[in-house]
Amino acid sequence: MFVPRLKSVKLFDPLLHARQGSVPRPVVRGLFFSALTPRKPRALEGLAPRVPFPIRYKSISASSALRQGMTEHNDSEIEQIQLLDGFQDSYGGVTVEMKEHMDADVFAPLLRASISSWKQQGKKGVWIKLPIEYSHLVDITVKEGFRYHHAESNYLMLVCWLPETLDTIPVNASHRVGVGAFVLNDKREVLVVQEHSGRFQGTGVWKLPTGVVNEGEDICHAVVREVKEETGVDTKFVEVLCFRQSHKSFFTKSDLFFLCMLQPESSAIDKQNVEIEAAQWMPIEEYAAQPFVVGNKQFNFMAKICLAKADHGYPGFGALATTTGGGKRTYIYCSDPEIE
């Protein structure tokens with residue numbers, strides 16, 4: 001096996017071919033290569049960036065790359081560079097999803113050749129999604145200029161900005177979203193809990209049920225779920241009373257916390273034993289008068305909002321169900337969901 005030195009490259013012209021009445025040789029995937037001078041065999045690594053003129057590359061998937069190796073050969077021993085398979089996004093970038101296993105020594109030259117091709121095409125941001133089982137490819141990807149963007153439990157997303165311009169790739173999600181439940185019954189009692197762990201463990205403080213919104217979950221549904229999980233009480237979302245933003249609350253991420261009012265649809269408590277130490281219905285005035293609540297500016301202000309709502313003197317934000325331009329369900333939270 002040898003790697004040819006390419007002297008010239010010209011694209012296939014079917015009209016010229018018809019006029020000439022002969023078939024140029026050799027032919028590789030619609031490209032004609034001529035004036036080829038064999039060289040001593042050498043590693044393909046680093047070959048693509050040294051080619052001084054544009055070459056039309058061919059994209060292949062991880063599975064076909066593994067079957068075919070790095071190259072294809074025709075009868076004249078002409079070698080063709082293969083590329084990673086990706087799809088274009090609407091921002092001039094490319095996303096590659098590795099779905100089948102690939103050895104590192106196959107992946108590395110494919111990635112370098114692909115980067116060269118993407119640059120020639122004027123691509124901007126390149127995203128590579130590596131499932132956790134392909135973590136052996138992370139080091140190679142980082143060494144080619146990629147950086148971590150975000151990770152989930154089963155994959156790592158890496159990204160690279162190719163052009164010599166300002167990098168406009170958006171940062172990873174900057175906020176976590178939490179909810180708190182103000183559940184008030186017709187006796188002016190509020191549903192409160194004591195927690196097994198966290199900052200309130202062992203303090204004797206009674207607090208509102210709280211939790212984190214799951215991925216793809218709406219605020220109005222998340223708060224109902226959290227109350228059910230922690231206390232066993234069925235509720236109905238009424239409105240958002242207020243929200244709070246804080247920074248560096250979860251590692252380096254900011255936090256958005258939505259205080260919501262819920263209407264109870266049951267009263268019997270069946271607490272969760274893993275996270276909840278105790279749960280009960282407490283008169284709202286007693287909840288607001290706790291020393292911790294009174295002494296903490298944030299908790300005290302939210303307690304005053306709850307008191308005002310209980311006295312029917314505070315307007316909240318109801319949930320208006322709607323859809324996005326793409327047809328996805330979403331909610332607008334506003335003070336008058338019945339507005340026309």
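Modeller: The bounds of a domain, as the word is used here, come from an automatic or database domain assignment. The structure under discussion is a predicted model.

Biologist: Between which domains does the second largest pocket lie?

Modeller: The second largest pocket has a volume of about 500 Å³. Its lining takes residues from both domains, so the pocket lies between domain 1 (86-161) and domain 2 (175-323).

Biologist: Which strand supplies the largest share of the lining of the second largest pocket?

Modeller: The lining has 16 residues, and those nearest the centre of the pocket are Glu152, Asn172, Ala173, His175 and Arg176. At least two lining residues come from strand E12 (147-151), and at least two from E14. The largest share, three residues, is that of strand E14.

Biologist: How many residues of the lining of the second largest pocket are charged?

Modeller: By residue class, the lining of the second largest pocket holds seven nonpolar and five polar residues. The charged residues in this lining number four.

Biologist: Which residues are the closest to the centre of the largest pocket?

Modeller: The volume of the largest pocket is about 820 Å³. Its lining is made up of 31 residues, and the closest to the centre are Glu195, Lys207, Thr210, Gly211 and Phe257.

Biologist: Which element gives the most to the lining of the largest pocket?

Modeller: Several elements supply at least two residues each, among them strand E14 (175-183), helix H6 (219-231) and strand E18 (253-264). In the lining as a whole, twelve residues are nonpolar, nine polar and ten charged. The most, five residues, comes from helix H9.

Biologist: Why is the pair of Phe200 and Phe299 edge-to-face?

Modeller: The structure holds six aromatic pairs. In the pair of Phe200 and Phe299, the ring centres are 5.8 Å apart. Planes over 60 degrees apart count as edge-to-face. The pair is therefore edge-to-face because its planes stand at 65 degrees.

Biologist: How many residues apart are Phe200 and Phe299?

Modeller: Phe200 is in the loop between strand E15 (189-195) and strand E16 (210-212), while Phe299 belongs to helix H9 (residues 297-310). Both Phe200 and Phe299 are buried.

Biologist: Which parts of the chain does the pair of Phe237 and Tyr333 tie together?

Modeller: The ring centres of Phe237 and Tyr333 are 6.2 Å apart and the planes are at 75 degrees, so this pair is edge-to-face. The two residues are 96 residues apart in sequence, and the parts that their pair ties together are strand E17 (residues 235-250) and strand E21 (residues 329-334).

Biologist: Is Tyr333 buried or partly exposed?

Modeller: Phe237 has a relative accessible area of 16% and is buried. Buried means under 20%. Tyr333 has a relative accessible area of 25%, so Tyr333 is partly exposed.

Biologist: Which residues form one aromatic cluster?

Modeller: Phe200 belongs to the cluster, and so does its partner in the edge-to-face pair, Phe299. With one further phenylalanine, the cluster is formed by Phe200, Phe299 and Phe292.

Biologist: How far apart in space are Gly125 and Val159?

Modeller: Gly125 has its place in strand E11 (residues 125-131), and at 6% relative accessibility Gly125 counts as buried. Gly125 and Val159 are 34 residues apart in sequence, and their C-alpha to C-alpha distance is 6.8 Å.

Definitions and conventions: Residues numbered from 1 in each chain as written. Predicted model: local features only at pLDDT ≥ 70, side-chain atom pairs only at ≥ 80, totals over all residues. Heavy atoms only, no water. Phe/Tyr/Trp six-rings, centres within 6.5 Å; stacked < 30°, edge-to-face > 60°. Helix = DSSP H or I, 4+ residues; strand = E, 2+ residues; numbered from the N terminus. Buried < 20%, exposed > 50% of the residue type's maximum accessible area, 1.4 Å probe, protein only. 1 Å grid on protein atoms, 1.4 Å probe; cavity = no way out; pocket = protein on both sides within 12 Å on 5 of 7 lines; lining within 4 Å. Points joined across faces, edges and corners; volume = space filled by probe spheres on them. Nonpolar A, V, L, I, M, F, W, Y, C, P; charged D, E, K, R; others polar.
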